[in-house]
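Work through the exercises below with the coordinates open. Each task is followed by a solution in steps.

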Amino acid sequence: MKSSSRMDRRTFLRASGVAIGLPFLDAMMPLRASEAQKTALKSPRRMVLVGQPLGMYGPNFFPEKAGKDYVASRYLKNLEGLRDRFTVFSGMSHRYAAGHFAEVGIFTGVAPEFIRDKDIKNGISLDQEVASHIGNQTRFRCLNLGGGDVTWNKRGVRLPAEQRATQVFRKLFIAGTPEEEARELQRVKDGQSILDDVGDQIRSLNRKVGSNDRERLDLFLTSVREAEQSLQQDEHWSTTPKPKVEYQTPNNDFGGPQLLERSRQWYDIVHLALQTDSTRVMTLWLGSQERPEIDGVNLGHHDASHHGQDPGKLEQLALIEEAEVKVFGEFIEKMKATKEGDQSLLDHTGVIYTSNLGNSSSHDNNNLPIILAGGTFKHQGHLAYDTKNNMLMSNLFVRMLHHMNIEAQTFGASSGIISEV
């Protein structure tokens with residue numbers, strides 16, 4: 001029997017001072033919501049950007065044939081059961097010059113003249129653009145995990161990543177003592193008071209300085225505004241109980257040699273954060289320069305990536321990269337198995353898996369390894385573009401924005417949109 005009254009979405013069960021958040025119920029739906037609105041409220045769109053710094057060996061990654069009936073490459077054999085849920089791209093990049101420095105542009109996609117060695121003039125990254133549209137709907141507008149220099153705000157300032165999985169899990173799911181929560185709330189209030197004072201001083205200074213200084217102050221004031229928004233977010237959610245999850249609290253932050261364990265731990269946290277709607281946008285930067293604990297591997301990952309076509313190094317590199325793709329596949333399988341309404345969590349989440357390097361041995365940034373999984377896309381198997389004159393990856397980012405219901409026409413240096421998916 002349907003209820004005629006509407007329940008507040010933030011209804012909690014309260015007993016002995018403990019508040020337990022309820023899952024989203026039909027009774028929490030607006031009474032006159034359309035079916036489309038109900039679907040959107042129950043199943044919001046989500047996005048995950050996964051990257052790693054040492055590329056993928058092309059012959060083991062890219063299929064030889066384009067289309068849906070391609071023969072899986074060595075690495076993609078680990079994703080065979082998911083063939084209809086992802087698209088692999090070849091002939092796509094940002095057209096940056098060779099070098100590790102191009103990592104900074106992997107998710108911003110600005111024009112090549114802005115990403116040069118020792119001369120970076122970056123723009124906003126895709127995750128931050130989406131997060132700006134989501135605002136206060138979730139506890140965290142966006143989470144930037146693992147490491148890397150891949151998340152940038154709208155003024156082209158790098159945002160640091162959360163590098164310790166144990167601390168991220170605690171932030172997401174572990175409630176503090178009443179004393180800790182009171183201190184946190186006071187910290188937020190104190191922070192707002194300090195930022196109000198700083199803002200007044202900056203505005204006063206703006207009236208006294210020249211144009212160059214005003215530009216510098218404007219950049220600083222932008223950072224202040226972002227901090228204010230973050231504090232407002234903190235205040236809103238500091239009194240909202242954290243979700244409970246059936247997952248053993250991690251007590252170890254895996255290092256570089258534990259490449260696969262570290263990746264699985266991060267993927268588990270990403271999955272739980274999305275499943276509990278703690279955030280809808282996440283960036284995860286994985287990988288290691290060190291020797292991973294993988295059978296048959298006795299070289300460091302970075303050493304193996306500079307293979308120079310040496311057969312021994314190529315095989316060790318293949319063992320590492322094959323294992324990385326396999327762990328990524330485990331994450332996608334888990335997302336697919338997680339029900340959300342009439343569909344799965346994967347159906348509502350667009351996931352990009354990529355690297356800033358195409359050929360790590362020569363530091364080449366063309367023909368990047370790219371997998372697009374899940375989401376609201378019409379997956380095409382293998383989409384093959386010109387491996388010499390690459391399709392701009394920013395065109396795919398525009399399509400990602402449309403998946404997130406953001407009707408953007410451009411992003412970064414885009415020249416259009418990838419309409420095939």
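A cavity is a set of points, on a 1 Å grid over the protein atoms alone, where a 1.4 Å probe fits but cannot get out; lining residues have an atom within 4 Å of a point. Grid points are joined across faces, edges and corners, and a volume is the space filled by probe spheres set on the points. The model is predicted: local features need pLDDT of at least 70, side-chain atom pairs count only at pLDDT 80 or more, and totals for chains, interfaces and linings use all residues. Residues are numbered from 1 along each chain as its sequence is written, and side-chain values use heavy atoms, with hydrogens and water left out.

**Exercise 1.** Find the volume of the largest cavity and classify its lining.

Step 1. Cavities of 30 Å³ or more number three.
Step 2. The largest cavity has a volume of about 50 Å³.
Step 3. Its lining consists of Gln52, Ser263, Tyr267, Leu286, Glu324 and Tyr353.
Step 4. Count Ala, Val, Leu, Ile, Met, Phe, Trp, Tyr, Cys and Pro as nonpolar, Asp, Glu, Lys and Arg as charged, and the others, Gly among them, as polar. This lining then has three nonpolar, two polar and one charged residue.

**Exercise 2.** Do likewise for the second largest cavity.

Step 1. The volume is about 40 Å³.
Step 2. His94, Tyr96, Ala102, Ile106, Asn356, Asn365 and Leu368 line the second largest cavity.
Step 3. Four of these are nonpolar, three polar and none charged.

Conventions: On a 1 Å grid over the protein atoms alone, a cavity is a set of points where a 1.4 Å probe fits but cannot get out, and a pocket is an open set with protein on both sides within 12 Å along at least five of seven lines; lining residues have an atom within 4 Å of a point.
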